Every structure is written in C-alpha cells, then in structure tokens.
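Subject: Structure for your review

Dear colleague,

Please find the structure below, together with its sequence. I would be grateful if you could read the notes after it with the model open.

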Amino acid sequence: MKSVSLNDNPSKIVLIGDSLSMLRPSENISFNDTYAFKLAKMGYCVIDRSIRASTTESALKVTTWDMFYLDSDYYILHLGVCDCAPRIFKSWEYKILNIMNDLPVLSIISNFLYSYLSSRRYYYTKKRGIQNVRHLTKER
C-alpha cells in the first residue's frame, strides 16, 4: 500500500456562484469552459456549489455552511449582478415550481411554465419587473 504524503493530496477549492460559473448552452458556454472543469483538469479537488438563479442571500447561506464544514484551501465567489438581474418569477413562485417538480403530473406543468416564460424572458421580465433589490427613489 502506497503511503500518501500531504503533497499527494490536491488542494480543495469550493466554488460558490450563480449561473455565471455554470454551463450555459444558450450562450455557447459548455461544461469544459467552466471554472470547475478547468481547475479539476489542473489537479484541484473542486466542490462546485454554484446555483442557478442565486441571490446574494442564498450564496451567503451556502458560503457559511461551506466555510465551517468543508475545510477548503481556497474559495472562489463568483456572483454577477444576481440581485439586480430581472427575474421571471418571484422567490415564492420558484419555491412552488420546485415543489411541483417533485410530483409527476405537476412537474409537466412546472416545466412547461418555466420553458414557456423563459422563451419569452424579455417580455415577462419587463412586464413583471421582478428584481431582488428595492428600487430606491428620492422623495421630494
């Protein structure tokens, strides 16, 4: 049995991000173009904790958990303008869609709704005006 020295263990990297750090076929970003793939190819142990449609709040929850329990050598936090980005659904609507996805018949409806509204994203984000930040206005 070969003994393992400390140098034989790859550095552990936790990647925390939104969709920017994930594959995005619609933008020609394949898995091979992601941080996770490129770092793993270089020999790092990559724990990818990125979540699509993340908010700063949800990323901080993941970060807190991972900081205490994964004992990583490095952390990469990659968030775009996640809270400012226009959303199709409100956070409670996402929760309902996720619950629907767990049920066979309702998952068909959930997938249809998500697909339909996503294909018309520009229209619905303009019409609904959902963002995860408050609009600050000066009162006069």
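The notes below cover the sheet, a helix pair and the aromatic rings.

This is a predicted model, in which local features need pLDDT of at least 70 and side-chain atom pairs count only at pLDDT 80 or more, while totals for chains, interfaces and linings use all residues. Residues are numbered from 1 along each chain as its sequence is written, and side-chain values use heavy atoms, with hydrogens and water left out.

Sheet. Three strands form an open sheet with parallel pairing, in the order S2-S1-S3. Strands are DSSP runs of E with at least two residues, helices are runs of H or I with at least four, and both are numbered from the N terminus. Strand S2 (45-48) and strand S3 (74-78) are the edge strands with a single partner strand each, so one side of each has no neighbour in the sheet. On average, neighbouring strands are turned by 20 degrees against each other, direction ignored. Strand S1 (residues 12-17) pairs with S2 over four bridges in the parallel sense; pairing requires at least two DSSP bridges between two strands. Leu15 has Asp48 in S2 as its bridge partner. Helix H2 (residues 56-69) lies across S1 and S3 and runs at about 165 degrees to S1.

Helix pair. Helix H3 (residues 91-101) and helix H4 (residues 104-119) pack at about 140 degrees, with axes 7 Å apart. Axes are lines fitted to C-alpha atoms, for helices over the stretch in contact, and angles run from 0 to 180 degrees between N-to-C directions. H3 and H4 are therefore oblique to each other (under 35 degrees is roughly parallel, over 145 roughly antiparallel, 65 to 115 roughly perpendicular, the rest oblique). The contact (heavy atoms within 4.5 Å) involves Tyr94, Leu97, Met100 and Asn101 of H3, and residues of H4 including Leu106, Ile109 and Tyr114.

Aromatic rings. The whole structure holds six aromatic pairs, meaning rings of Phe, Tyr and Trp (its six-membered ring) with centres within 6.5 Å; planes under 30 degrees apart are stacked, over 60 edge-to-face and the rest tilted. Phe89 and Tyr114 form a stacked pair, 5.9 Å centre to centre with 20 degrees between the planes. Phe89 lies in the loop between S3 and H3 and Tyr114 in helix H4, so this pair ties together parts 25 residues apart in sequence. Phe89 counts as buried at 6% relative accessibility, and Tyr114 as partly exposed at 34% (buried is under 20% relative accessible area, exposed over 50%, partly exposed in between, with a 1.4 Å probe and protein chains only). Ring pairs also link Phe112, Tyr116, Tyr123 and Tyr124 into a cluster.

Yours sincerely
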